[in-house]
Amino acid sequence: VALSKDYSQFEMLAGNPRQGDTIAFKMLELSSDYSPNVSSYRVGRVSSFDAESTEVTIKLTPETLAEMKTRKKDGKFELEAGDEDGEEEEELPDELMLKLSDVLEPRLIEQ
């Protein structure tokens, strides 16, 4: 699923997400000046949804992960964190666990 797609053409997710659904969604994130911004669309497959806690686990697509890595933080309080081997690459988690209320504009890509 290409990230350059216009995800606004897809139907909004009606009801709760189901395991296996592929969704596009936005979320709040911090910009380089540490102000809250709405992200571009992220795409992932729903791994699980807990109706009681309204917590959804979404496994991000490789394309979404690659796009997120290119948006490195460049804030004035950002530290260059490296391990003993001298590697400075921060590993992004490939799964997000979010409250359903934090998933903005969820769109159903495929069931």
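Predicted model: local features only at pLDDT ≥ 70, side-chain atom pairs only at ≥ 80, totals over all residues.
1. A salt bridge here is a side-chain nitrogen of Lys or Arg within 4 Å of a carboxyl oxygen of Asp or Glu. The structure holds 5 salt bridges.

2. Now for the overall layout. The protein chain has 1 helix and 7 strands, and from the N terminus the order is β-β-β-β-β-α-β-β. Of its 111 residues, 31% count as buried. Among contacts between residues at least 6 apart in sequence, 63% join residues at least 24 apart.

3. K26 deserves a look of its own. This lysine sits in strand β1 (residues 22-26) and pairs with E105 in a salt bridge, at 3.8 Å from N to O. Because K26 lies in β1 and E105 in β7 (residues 104-110), the pair ties together parts 79 residues apart in sequence. K26 is buried, at 18% relative accessibility, whereas E105 is partly exposed, at 34%. Beyond its sequence neighbours within four places, K26 also touches other residues, including V38, Y41 and L104.

4. R45 belongs to strand β4 (residues 42-50) and E110 to β7, 65 residues apart. R45 is partly exposed at 40% relative accessibility, and E110 is partly exposed at 40%.

5. Finally, do visit D94 and K59, whose side chains meet in a salt bridge of 2.5 Å, N to O. D94 is in the loop between α1 (62-70) and β6 (95-99), while K59 is in strand β5 (residues 55-60).

Definitions and conventions: Residues numbered from 1 in each chain as written. Heavy atoms only, no water. Helix = DSSP H or I, 4+ residues; strand = E, 2+ residues; numbered from the N terminus. Buried < 20%, exposed > 50% of the residue type's maximum accessible area, 1.4 Å probe, protein only. Contact = heavy atoms within 4.5 Å.
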